[in-house]
Amino acid sequence: MLTDYHLHLRPDEDGTPPERYFTAENVDRYLAAAEDAGIAELGVSEHVHRFRQALELWRHPFWEEQAVDDLDAYCEFVRRTPLRLGIECDFVPGAEDRTASMLEARDFDYVVGSVHFVGTEAVDHPGWDAWERRGDPDEVWRRYFEALAECARSGLFDVLAHPDLVKVWGSGRPLPDRDPRHYYEPAVEAIAESGIAVEVSTAGLRKPVGELYPAPAFAEMCVEAGACFSLSSDAHLPEQVGYGYDRALAFLAELGVGEIAVFERRARRLEPLGAAVGEN
Ligand SMILES: [Zn+2]
Ligand SMILES: [Zn+2]
């Protein structure tokens, strides 16, 4: 089986009302793209910060500006489609109980947990650039992976999104002096303890870094620690569904990973990894 769970029906920072993207026609475009790519399970995981309810978790100025959609209207819409219902939810330190309440009140199939911020600065957002404001890349990397470890350990999430997002800019931002394995370590420990599924995301191929998340060394450490994996494109457009999956499948095969995490109503099972194309 192939899945694409971490995807968005609407582009980032688009100010138009949600009705423009949450339509049967738009969903059909994603489903058609999935079928072409042999992807059996397609789910949507819109950013939590697009929803008004996110302001109960955090009042970051960027969130205040973005949080306009209604979370329950989104859930109701997705439940009327063949898509699995997910959400991409930031780990907000100190808001664990409020996050749990928000998530448990809805019948998600899975929750993708992510870290985009170290403190109030983002590792992937030019307007809130962690490097510009904080400078030392070793500190940014250390703080990012510590937050990722907390995110995994919180038990709030089923999937750990784009696990080394901190590298998104590639050579466009300074890299740490230390071997990255040093930073991966606390996160891998938390992944092993929590049992969270590690997302192999092809989004990195479309970003300046030009490689999959996670990096090979990080992924190897996850495999050694007994982690399981999920697979996603983090598409923001129908044409990005299943983007770069040939690369991701080769990567997983090289790691000796033959199964993929599949979710329904927050229950996980493992299925053999492979495209549906040509099998029927
Ligand atoms: Zn993300
Ligand atoms: Zn995303």
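Reader: Which residues coordinate the zinc ion (ligand 2)?

Author: This is a predicted model, in which local features need pLDDT of at least 70, side-chain atom pairs count only at pLDDT 80 or more, and totals for chains, interfaces and linings use all residues. Residues are numbered from 1 along each chain as its sequence is written, chains are lettered from A and ligands numbered from 1 in the order in which they are written, and side-chain values use heavy atoms, with hydrogens and water left out. Donors are N, O and S atoms within 2.8 Å of the metal (3.2 Å for Na, K and Ca), and sites may look incomplete because water is not among the atoms. At 2.1 to 2.3 Å, the zinc ion (ligand 2) is coordinated by His6 (NE2), His8 (NE2), Glu88 (OE) and Asp234 (OD).

Reader: Why is the arrangement around the zinc ion (ligand 2) irregular?

Author: Four donors count as tetrahedral if all angles lie between 85 and 135 degrees; four count as square planar and six as octahedral if opposite donors are over 155 degrees apart and all others between 65 and 115; anything else is irregular. The arrangement at the zinc ion (ligand 2) is irregular because its four donor atoms subtend angles of 82 to 165°.

Reader: Which residue coordinates both the zinc ion (ligand 2) and the zinc ion (ligand 1)?

Author: The two ions are 3.6 Å apart. The residue that coordinates both is Glu88.

Reader: What is the spacing of the donors of the zinc ion (ligand 2) along the chain, and how many residues apart are His8 and Asp234?

Author: The donors follow the spacing H-x1-H-x79-E-x145-D. His8 is in the loop between strand S1 (3-4) and helix H1 (24-36), and Asp234 in the loop between S9 and H9; helices (H or I, at least four residues) and strands (E, at least two) are DSSP runs, numbered from the N terminus. This pair links distant parts of the chain, 226 residues apart.

Reader: Is Asp234 buried or exposed?

Author: Buried means under 20% relative accessible area, exposed over 50%, and partly exposed in between (1.4 Å probe, protein chains only). Asp234, whose phi is positive, near 55°, has a relative accessible area of 7%, so Asp234 is buried.

Reader: Where is Arg265, and what is its relative accessibility?

Author: Arg265 has a positive phi of about 45° although it is not a glycine. Its place is the loop between strand S10 (259-264) and strand S11 (267-272). Arg265 counts as partly exposed, with a relative accessibility of 49%.

Reader: Which residues does a cis peptide bond join?

Author: Most peptide bonds are trans. Here omega is about -5°, and the bond joins Tyr213 and Pro214.
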